[in-house]
Amino acid sequence: MTVARPISCPVLVGRDDLLAHAARRLQEAADGQGSLLFLSGEAGIGKTRLLDAVMRRAQLSGFEVGEGAAFPHDADVAGAALLDLAAALKRADRAETRAVGARLDDVLAAEEESVDAGRGPGGDLHRRRRVRVQAAADALIGLVEPLAPSTPSTPSTPPTPPTPSTPPTPPTPSTPPTPMLLAVEDLHWADDVTLEVLEQVARRVRGLPLLVVATYRSDELYPRIPLREWRSRLLTRRLAEEIRLDRLDREQTAVMAGMLIGDALPPSAALVDALQQRSDGVPLHVEEILAGGATGSAVADVVPETLVDSVLARAALLSEHAKAVVEVAAVIGRTFSLDLLAEILDEPPDRTDDAVDELVRRFFVVPVAPAPDRYGFRHALIRDACYAQVPAGRRRRLHRQVADAARAAGSPSSFLATHYDLAGASAPAYEYALLAARRAVSLSAHREAVEFYRKALRHLPDAAEPADRADVLAAFAAECAATDASADAAQAFEQARALRLGAGDVVGAAALVAPLVAVRHLLGDDLPARVGRLTAALDELTAASATESAPGTATRLLAGLSDAYMLDRRLDQAIEHGERARALAVAAGDEATEVNTMATVGSCLVFAGRMAQGWTLLEQAVQQARAHRLETEAARAYRMIGSSASVLVAYDLAERWLAEGIEYAERVELWNHRHYLVAHLGHVAWATGDWPRALDLGQRALVDGRGGITTRVTALIVRGYHAMGSGDFAAASATLGEARDIGRSMGELQRYSPALWGLAETALLRGAPDEAVELCEQGRAASVAVDDAAYLFPFLLVGARAKLALHDTVGATEWVESIAQALSRRGIPGTLPAIEHGRALVALATGRTAQARTALLSAQQSWTGLRRVWEQLWAGIDLARCATRAGRVDDAVQQATQARTAAAAVGAAPLVALADEVLALARRRGGVEPVWAPLTAREFEVARLVGDGLTNREIADRLGISVKTVGAHVEHILARLGVTRRAGIASWVVSVAAEPS
């Protein structure tokens, strides 16, 4: 006989340790040490059951509890889970809690009108979103702290000062706040705004009687969902902790089955085996599979194969009316109200209540406390199974009925857009998708805006005017660009521009070109293509005599030209267009464009060698942006001045502006800028010799997940430099090679050249001077093409060393002098010591040791003053070599010892080895060691012949030994000298420059 058993296990099986862990966090919160706790696991694993147990324990311990949840499609709705939480708080017993709920609801639900170009008198859209997120976090923190007013009040009269005769009023003792538990379910469906608010709360919850517990499905952490990187970031920074629910083992499944069946005897082994096999130890599956099974020995024979089979088998036992109700409820969503359900069913509420009661008894739905008229499916998987069985045609009709009824009830535009979309009702779907998208834009909720604009475009009326169609496409493109969907953005911008041109709107079409060029750059458009688009748009404005009537559009096009030329390091053109754009921006009162062009032009000026003028303009850009609360522009200005100083060997300046910029960008939550600045601070730490900090900063810039591609390239370069300097040549080659390839694909010298230099230096250090020369030639060609000096200067030294290692003194001389001309022409102070240092290397190679020593001492002093440690260490080794060549043995030993100590202090293992070589050579010259040390006399003889270019066969014939013996000698020599190629042996022989004694 088939029976309906209790479907929910009365005991939480196999979770005692997790419940105890949560109890400890509750006690800590009660003591004023709050935290954020994640409960994770796959669908049906029991997260909700565990959370319910935690909430019950909290209530028994005197906590106030507020709960909210995210639902399917909530990832498209800004703040949806928090709005659900706000609704629960507004139903609380305490007036203070209800006030917090109302405030949270006001902060998140307020609609904002669109703002031209994303700006308004209160600052940029990012700032408005940040302020709103902060206000939402403040509201939640206000549950356990005094609630601050949402806007500062202005008293009508000043307060009366106390008179001397009036004794001061003693402070009123404060009442300890009631500890609070906030529960948020199913964060895998949550949107960016919800997650940002929870992150703000997590940063502030320490020291407060507040525990936040959130659940999510660990099997749905897909790469594109907002939760994935957010969770990783919070766990990495120890702003949250996670406890994961595992599947039940066979013994736990048997316990659970026994409680559900309720027989006097324990379940049979056959039943337990079947349950374990078909449920995989997932508690929800165990409950559902047993819900409609038979009793006695036949149970194992009728165990359903899947959860869906079990849900449908149980649904077949419902009354016809309950079947109709569960269909409608599944179409509405995970939760539903009785009023909406009755409206759609077109029946008296009492009749609907009866059917819902049946669904509750049959464990399909459960009440959603504390709302008396709201219910939800016991689990999303149950709702999914019921929804999937509704025929497609009926499903569409029901979605339309849901949407119509919800519209009459005043439901949010996002809810209406989703249901009209699923109903295929194009006209209302378009209307409400557009409203929902614009609300998401007002919150800078870019992912959500993209999805609603997609819906709007899908339902855009055929009769829509071209201008309306273009507006939607342009707005969609802007949001795609904000989410790095560059290909979609470019396509939509192109379509919108074509529509505006077709409608004769030249100004509107031209206004789309600057953002189009920005995304086309990310897709690989070269400089001529980008400049061509921008100048063509300017020509269109001129031809239509619209330049004067549309100064803002012309200004942004000129600013775009300046940016394009800057990114390609065409400094003179960038400065020219930037100055014109700045003048127009000032005249038009366009502060954002003015500040951006100031930063662009200032950066170009310092790279062009006009240091005082450029640094001043960059500082003014930072100050002006901050004064006008232009947060995005201020962060960019910090980025420009900090990274420019980092590259131009102005490390004191770089440390000041990078640190200040990091603090600012973090405070205003512009994470991409923040991580880019951190990566450049890592570069400064490497350049100034703090290599452990450099590696830490580079790693931090990479792991957070909110930095862009430029952050990744810079952080990879820092990691590559660290590996190169530490002697891990394989890691250096791999990391710097990745950075070079990314930079080359971007077509930007500043991303490409630094990685190329690191690869060249790595090749030289591992004994491959020919490879180093080739890489240096690539670096010089890239810089010469744009008259660059900033990225060129380090190639002067590594190229000269590589050519000298190949005995190409003439080539080294020409190399040094050609690059010296480029550096002198720009006159950037941080690059000029390379000229003196490079000429000293040539002088040393040609026997002019006195001239070389003077130049090297000067270069070393300059590098030390600039805090450029790598070249400073090299200069010390070069001075030791110079003393050795000059026969000043004591001086050589002293210089080599100092160089070794300095290199060891930094962790520069390859330079330590080079200093050891020079030290050994100096001691040999002084008679302390044999000239061939660390080789044996025979190995040195073989090494000299290798240096003469002989093959192993030729050496064997010359010395009268076997080829195999020669090969063994060569392997030993390579190992003893720490080189990997025969060219390295030859270089060592030249450096010894003496016959064996």
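Reader: Which residue in β10 does Phe 336 stand opposite?

Author: The model is predicted: local features need pLDDT of at least 70, side-chain atom pairs count only at pLDDT 80 or more, and totals for chains, interfaces and linings use all residues. Residues are numbered from 1 along each chain as its sequence is written, and side-chain values use heavy atoms, with hydrogens and water left out. Helices (DSSP runs of H or I, at least four residues) and strands (DSSP runs of E, at least two) are numbered from the N terminus. In β10, the residue that stands opposite Phe 336 is Tyr 375.

Reader: Over how many bridges do β8 and β10 pair?

Author: Two strands pair if DSSP finds at least two bridges between them. β8 and β10 (residues 374-377) pair in the antiparallel sense, and the number of bridges is 3.

Reader: By how many degrees are neighbouring strands of this sheet turned against each other on average?

Author: The open sheet has 3 strands in the order β8-β10-β9, with antiparallel pairing. Its edge strands, β8 (335-337) and β9 (365-367), each pair on one side only. Ignoring direction, neighbouring strands are turned against each other on average by 30 degrees.

Reader: Which helix packs on the sheet, touching β8 and β10?

Author: Contact means heavy atoms within 4.5 Å. Axes are lines fitted to C-alpha atoms, for helices over the stretch in contact, and angles run from 0 to 180 degrees between N-to-C directions. The helix spans residues 338-345, its direction makes about 75 degrees with that of β8, and its name is α13.

Reader: How far apart are the axes of α37 and α41?

Author: Among the residues that meet are Leu 797 and Arg 801 in α37, and Trp 874 and Asp 878 in α41. α37 (residues 793-805) and α41 (residues 869-885) pack at an angle of about 35 degrees, and the distance between their axes is 12 Å.

Reader: How many disulfides does the structure hold?

Author: A disulfide is a pair of cysteine sulfur atoms within 2.5 Å. Cys 386 is buried, with a relative accessible area of 7%, and Cys 882 is buried at 0%. The number of disulfides is 0.

Conventions:
Buried means under 20% relative accessible area, exposed over 50%, partly exposed in between (1.4 Å probe, protein chains only).
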